[in-house]
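Please consider the protein shown below and follow its strands, one of its helices and its core in turn.

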Amino acid sequence: MGDAGGSPLTQSRPLRKDRAESLFDLPVITDVEVQNRYPTPFLVVSLDDTSSLNDRLREIILGRAAVDPGVSLSNDGGWQSTPDFADWSGAPGAQLLDLAIKVADSATALETEQDLQRGGPAWKINAWANVNGPGHGNHPHHHPAAFWTGVYWVDDGGSGTDEPIGGELEIHDPRGVLPAFYAPRLRYALPGYLSAGGQDFFKPRTGTMVIFPAWLVHAVRAYAGSSLRISVAFNLSI
Ligand SMILES: [Fe+2]
């Protein structure tokens, strides 16, 4: 049977749930090398002082939200603009998207017939703004027909603090249901693997951008704060 709930542990010691220490203190064995195959990149980009940029983006985005009904896609409540953010966000929007492209280019390689070149193609970029209030979030989804996707938080609405007010970006394990279906209580006790088969999360912080592969399923947990969360999301495609 797959459920290890009733099985005695042959070797037991407590582990913090958010951290698995690797400990191989075993006779005969001189070394155990843990190789991490197929890791998933999740780039957390911190910017210099963003207060002025964020003030300008806030004004532009809230101005747009006042006149544009927006669209309803993965969002569960809140306002999501059409994906033409670049056309109406002026210089602040261009600055933001230019930064996103620069980071993505640094993390992209293009294979040619001769070799592998670091750098991205001439990306097509589509971007949209989000304004979420209390109770709003996003259902799990990925972004088909894109290579990178990302989001920048103009205002985290307080989600970046220790207050338990939701709004986290939930990241689903791209390796699917393994190992949750087989043995929900068994975990790989190695750094970075305790959430295997489940979900990790990232707490948004104002002035921070994240960039990750567009195939990575993600969601936004419902926001339980009392102000507004404002973000700009984008897709880079060819
Ligand atoms: Fe998304």
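Which residue stands opposite H141 in β12? H218 does. The structure is a predicted model, in which local features need pLDDT of at least 70 and side-chain atom pairs count only at pLDDT 80 or more, while totals for chains, interfaces and linings use all residues. Residues are numbered from 1 along each chain as its sequence is written.

The pair H141 and H218 belongs to the contact between strand β7 (residues 137–141) and strand β12 (residues 218–220), which run antiparallel and are joined by two bridges. Strands here are DSSP runs of E with at least two residues, and helices are runs of H or I with at least four, numbered from the N terminus. Two strands count as paired if DSSP finds at least two bridges between them. β7 and β12 lie within an open sheet of five strands, ordered β2-β7-β12-β9-β10 with antiparallel pairing. Its edge strands, β2 (75–76) and β10 (199–202), each pair on one side only.

Strand β11 (208–213) has pairings of its own. It forms four antiparallel bridges with β1 (residues 43–46), and V210 in β11 is the bridge partner of V44. β11 also pairs with β8 in the antiparallel sense, over five bridges; there, W148 has P213 as its bridge partner.

Attention now turns to helix α3. This helix (residues 90–106) has 17 residues and reaches 25 Å from its first C-alpha to its last, close to the 24 Å expected at 1.5 Å a residue; the expected span is 1.5 Å times one less than the number of residues. The buried residues of α3 are P92, G93, L96, L97, A100 and A104. Seen down the axis of α3, they fall within an arc of 125 degrees, so they line one face of the helix; the arc is that of the directions from the helix axis to the C-beta atoms. On the face turned away from this buried side are the exposed residues A91, A94, D98, K102 and S106. Buried means that 20 or more other C-beta atoms lie within 10 Å of a residue's own, exposed that 12 or fewer do, and partly exposed in between, with C-beta atoms placed from the backbone.

What covers the buried residues of α3 includes α1 (51–67), β6 (124–132) and β13 (229–237). The largest nonpolar core has 29 residues, and A100 and F234 are among those with the most contacts inside it. Such a core is a set of buried Ala, Val, Leu, Ile, Met, Phe, Trp, Tyr and Cys residues joined through C-beta atoms within 7 Å. Beyond its neighbours within four places in sequence, F234 is in contact with residues including L97, A100 and A127, contact meaning C-beta atoms, placed from the backbone, within 7 Å.

Technical notes
Two residues are in contact if their C-beta atoms, placed from the backbone, lie within 7 Å.
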